[in-house]
Structures are given as structure tokens and as C-alpha cells.
Amino acid sequence: MADKDNSLKPGNLIEKSKKLVWAKFKDWNANDLRLLETYLSKIDARNPDSSNVRFTLREYADLIGCPNLRKEQVQACTDKFMGNVVTIQTNEEDENEWAMYTLFPVAYCFKDKELKQYVVEIDCNPLIKDIFFNLAKDGYIQYRLRNTVKMEGRYSVQLYGLMLDMMHIKGGWQMNLGKLRELLGATSKSYKAFKDFRRVVLEPSIKEINEKSDIEVNYECVKTGRKITAIHFIANRKPSETKASPKTDNKPNPYAECLTDLEPSQAKRIGDMVKRKIKALYPDLDAEKVDAATLGALKNAQKKLLDENNDYPNNPAGYVWSVLSKDTAIDEFIPGDILF
């Protein structure tokens, strides 16, 4: 078994496919979801060969909320995690077509001789690797581990993902109450009355998202007659995250979607510089491939920034440019299928 980086970094980047965002995690608790989030932060979602992930026993214990966990207890905890099932919609046009899977069918616990610690190793279900790694086909959301790993509510992580995926819709977006219950796994009879659903599920989740993540969520109840039938959500980046960037000309800025931790104006400036550099290095590359190479290089450079820094750099824009501007080092970050 190859050596693994067992360190957890709050800045670790998560790239989660939309199929996972919209999957139904009915029987998962907060600790299970926290472990899944950490798994997602430790894989390279563009490389299926990275699916095998390790945690030290101490790290694993922290993740599942059991700091005094002994190695004798690992098997029972892992058995619970691996027994969880998710429901994935298989046809975007028909909600009644779905498939149920266990995400993790394989786990090991062994003593690492170099670390001198017990290690837990998990790997995703090979039948559904595409759900983890086929981002180009399914679409995905991108965020840092620190936005979800400290969430304690079982519904908060799932609701955060939904908010992140839909927050681009101007004026907010609306979801049928029944569908929202299903997506969050809040189908217990004890939540049948809306007042109980709001008190136990909706309000605590939004409160935790607003306190612990990089976005702020508000909502309004939508009525049909006198009955509440839907929720209208509005989600935005917090001012400290968007950094109140200067007014722009409202032209599309695809670079901002690649460099999510930079101000849009900084992302555009660096994107334009990277594009010019790629044109100079590959004058025969057609315009479409130049654009694809630029976006791919920016995404991979940001991933390197987040994965390799325990403390987030004070000048992330300068860091990204310093990585990409050195001679032909940019080749390392351009997806190989674009150049060859």
C-alpha cells in the first residue's frame, strides 16, 4: 500500500459532484457525513486512482466525534458508516428512477510501522466511482473542508451543499417542502407538522450554516391557500468572503469560478495573464483549447494552494501567479488531454 498524506488541512478543497449533492442520505448522522466530507477532501476528484484514503486512528476518532475511541471499537463504528445507503436519481427528467448504493464497501484497520499508529483505510464503491470522479459530466460544487467539518447537525451539511449549488439563481430559489424533507432525510413522522420541521430541522441547520460556513442563508415560507407547501431560499457569500470587490462591467468571468478564494477582479487579472502565457507557449493551440487550458490550469493551481498550505496564504493571488508564472511550470497544471 502506497504512502498516504494523513494530515487534515482546513483549507483542503472539496469538489463534490452534483449527484452527491442531490443524493438522499436518509440514515446518515452528522458524524457519518463529517467523515464523508473529509474523504472527499482527501481524494483528487479528477483522478480515480486516488480513491483509497487513510486516516490515523486518532484522526478517525475525531472525525466520528469519539475522541476516546479505542482500536477495539473501530470495527463497530466503521461497520455503521459502511452500512449507510444513499439514493441517487438516475434520470434527471424522471424523479421516480433511482438507484441505491453503499458508498464504501471496503475498509481496513492496521498498524502503520512508520507512523507507529493504527490506521483506518477506506475506498469508495467501484460501481459508482463516476459519482466521485466524473465531475465534467455531472457538474460539481467546490468549497473548503473547514466550511462543513465542524457542523454538528445531521441536516446542515446537506443543506449547505444544496444552497451552494443553487445560490447563483438571481432572487433565490424555491423548493417543494416534500422534496426538501426527502433530500434532507427528515421524513420522520415527528416532523410531519411544519412547525416541528422548522424547529428541529430547518432553523438549526440554517443557523449552523450561517455561523460556521462561508455563506449566509435566509428563507421565506410559501403558502398554497393557508398551508405551507414550499420554502424560498436566498443564499449569498458573506461579505468577509467576497471582500466587497469593485464594481465590474458584468461580463462573464469564468476565472472567478476557478479561483473561488480570490476577488473576481483578481481572478480575472490572473486568468488573463495565464491565458497570454499559454498562447505564447503554444501558439498553434486553437482558441477553444487555450480557454480550456487556462481554466484547467487555474483550477489545479488553486487546488495545490489549498492542499499544500496548513495556514491559508495572506496573498493567495500572488501565490497562484507565482506557481503558474515560472518558465514552463504551467505545463504541470494544464490537463494533459488538452495538449495531447
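Figure 1. Buried means under 20% relative accessible area, exposed means over 50%, and partly exposed lies in between (1.4 Å probe, protein chains only). The buried residues of α7 include S156, V157, Y160, L164 and M166. Helices (H or I, at least four residues) and strands (E, at least two) are DSSP runs, numbered from the N terminus. This is a predicted model: local features need pLDDT of at least 70, side-chain atom pairs count only at pLDDT 80 or more, and totals for chains, interfaces and linings use all residues. Residues are numbered from 1 along each chain as its sequence is written, and side-chain values use heavy atoms, with hydrogens and water left out.

**Figure 2. The whole chain.** The chain has 15 helices and ten strands. Of its 340 residues, 47% count as buried. Contact means heavy atoms within 4.5 Å. Among contacts with a separation of 6 or more, 63% join residues 24 or more positions apart.

**Figure 3. The nonpolar cores.** A nonpolar core is a set of buried Ala, Val, Leu, Ile, Met, Phe, Trp, Tyr and Cys residues joined through side-chain atoms within 4.5 Å. The largest one has 67 residues. L103, F104, F132, F197 and F233 have the most contacts inside it. Helix α7 (residues 156–166) gives the most to this core, with seven residues. A second, separate core has 20 residues, among them A297, L298, A317 and F333. What does F104 touch, leaving aside its neighbours within four places in sequence? F104 is in contact with L36, Y39, F81, M82, I122, D123, C124, N125 and F132.

Figure 4. Rolling a probe the size of a water molecule over the atoms shows where empty space is left. On a 1 Å grid over the protein atoms alone, a cavity is a set of points where a 1.4 Å probe fits but cannot get out. Lining residues have an atom within 4 Å of a point. Grid points are joined across faces, edges and corners, and a volume is the space filled by probe spheres set on the points. The structure holds one cavity of 30 Å³ or more. The volume of the largest cavity is about 70 Å³. K16, L20, V21, F25, L33, L36, E37, V157, Q158 and G161 line this cavity. Helices α1, α2 and α7 each give two or more residues to the lining. By type, the lining has six nonpolar, two polar and two charged residues. Ala, Val, Leu, Ile, Met, Phe, Trp, Tyr, Cys and Pro count as nonpolar, Asp, Glu, Lys and Arg as charged, and the others, Gly among them, as polar.

**Figure 5. E37 in helix α2.** E37 lies in helix α2 (residues 30–42). Is E37 buried or exposed? With a relative accessibility of 1%, E37 counts as buried. Its side chain makes a polar contact of 2.7 Å with the side chain of Y143. A polar contact is a pair of N or O atoms within 3.5 Å; within protein, one must be able to donate a hydrogen and the other to accept it, and residues adjacent in sequence count only if both atoms are side-chain atoms. Beyond four places in sequence, E37 is in contact with I14, K16, Y143, L145, T148 and V157. E37 is also one of the residues lining the largest cavity.

**Figure 6. The second largest pocket.** A pocket is an open set of grid points with protein on both sides within 12 Å along at least five of seven lines. Two or more lining residues come from each of α1 (18–21), β3 (85–89), β4 (98–102), α6 (135–138) and α8 (177–184). Strand β3 gives the most, with five residues. The lining divides into eight nonpolar, nine polar and twelve charged residues.

**Figure 7. A23 between two helices.** A23 is found in the loop between α1 and α2. At 1% relative accessibility, A23 counts as buried. Not counting residues up to four places away in sequence, A23 touches T87, I88 and L183. A23 and M100 are 77 residues apart in sequence and 9.7 Å apart in space, C-alpha to C-alpha.
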